[in-house]
Amino acid sequence: MPARTEALPATGRAIGIDWGVKETATTTGDDHDLPHPEHGKKAADRLARYQKMMARRRPRRGQAASKGYGKAKRQAAKVHKKIARQRRDTARKWAKRVTADFDQIAVEDFKPTFLARSTMARKAADAAIGATKNALIEMARKHGRTVHLVHPAHTTMDCGRCGARTKRALPLSERTYTCTTCGAASPRDKNSARVMLVRAGLNPAGVEGVRPPGAPLQEAV
Ligand SMILES: [Zn+2]
């Protein structure tokens, strides 16, 4: 059953959103970026400690689990729950702000993979992105906003200004996207956020944080 809609007044504005590790969300908006929450890191450290404790106290096959093992397991579950709650809370607050300010939301259709070889930081980032994306879609639906899910392929290779594609993928260490076709230079994630807008068919000109053609190419960070 569809959730009840509480339509918000139209703002006539659109936003592009790119997901990432350091910044959960980088946007074309001036004050809508969402840094990866730090509370997540502290709690994740605690969770790792309890998980190590559990591994140390794990009962041998056919033996009953020790009291210590049970205690570590309960504590790990508690921290896990807390992290999930904080994550959802942060995601909801941000989603509320974005849906209040924008009618059209173009967002990278990111699907977390949680590969075994992923680092802890990557796993935490993916979980934060997943929760944030879900909260955004839910909030937008509730308030009658339009969400455009953008296929993530090549979003880091395309120029958000002229649409040209670079020949090679930008290495992660390269934080600035410089277009060899139109000469535009902007922070890598900001460029990707703009690509979301373009891919969604939303006109970047006049969109907050996007300079119309002819404006200075170097973007202030
Ligand atoms: Zn370009």
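## Stop one: the sheet

Begin by selecting strand β1 (residues 14–19) together with β2, two strands that run antiparallel and are joined by three bridges. Strands here are DSSP runs of type E with at least two residues, helices are runs of H or I with at least four residues, and both are numbered from the N terminus. Two strands count as paired if DSSP finds at least two bridges between them. In general, strands of a sheet pair through backbone hydrogen bonds, either parallel or antiparallel.

Before going further, please note that this is a predicted model, in which local features need pLDDT of at least 70 and side-chain atom pairs count only at pLDDT 80 or more, while totals for chains, interfaces and linings use all residues. Residues are numbered from 1 along each chain as its sequence is written, and side-chain values use heavy atoms, with hydrogens and water left out.

Now select D18, which stands opposite T26 in β2. If you widen the selection, you will find an open sheet of five strands in the order β3-β2-β1-β4-β5, with mixed pairing. Its edge strands are β3 and β5, each of which pairs on one side only.

## Stop two: the helix across the sheet

Next select helix α4, which lies across β1, β2, β4 (104–108) and β5 and runs at about 125° to β1. Contact means heavy atoms within 4.5 Å, and the angle, on a scale from 0 to 180 degrees, is taken between the N-to-C directions of lines fitted to C-alpha atoms, for helices over the stretch in contact.

## Stop three: salt bridges

The structure holds nine salt bridges, a salt bridge being a side-chain nitrogen of Lys or Arg within 4 Å of a carboxyl oxygen of Asp or Glu. Select D33 and K190, whose closest N and O atoms are 3.1 Å apart. Because D33 lies in the loop between β2 (23–27) and β3 (34–35) and K190 in helix α4 (residues 188–199), this pair ties together parts that are 157 residues apart in sequence. D33 is partly exposed, with a relative accessible area of 26%, whereas K190 counts as buried at 17%; buried means under 20% relative accessible area, exposed over 50%, and partly exposed in between, with a 1.4 Å probe and protein chains only.

Then select R199 and D158, a salt bridge with its closest N and O atoms 3.0 Å apart. This pair links distant parts of the chain, as R199 is in helix α4 and D158 in the loop between β5 and β6, 41 residues apart.

## Stop four: the zinc ion

Which residues coordinate the zinc ion? Select C159, C162, C179 and C182, whose SG atoms coordinate the ion at 2.3 to 2.4 Å. Donors are N, O and S atoms within 2.8 Å of the metal (3.2 Å for Na, K and Ca), and because water is not among the atoms, sites may look incomplete. The four donor atoms subtend angles of 108 to 113°, which makes the arrangement tetrahedral; four donors count as tetrahedral if all angles lie between 85 and 135 degrees.

In sequence, the donor residues are spaced C-x2-C-x16-C-x2-C. To finish, select C159 and C179, both of which are buried.

Key:
Four donors count as tetrahedral if all angles lie between 85 and 135 degrees; four count as square planar and six as octahedral if opposite donors are over 155 degrees apart and all others between 65 and 115; anything else is irregular.
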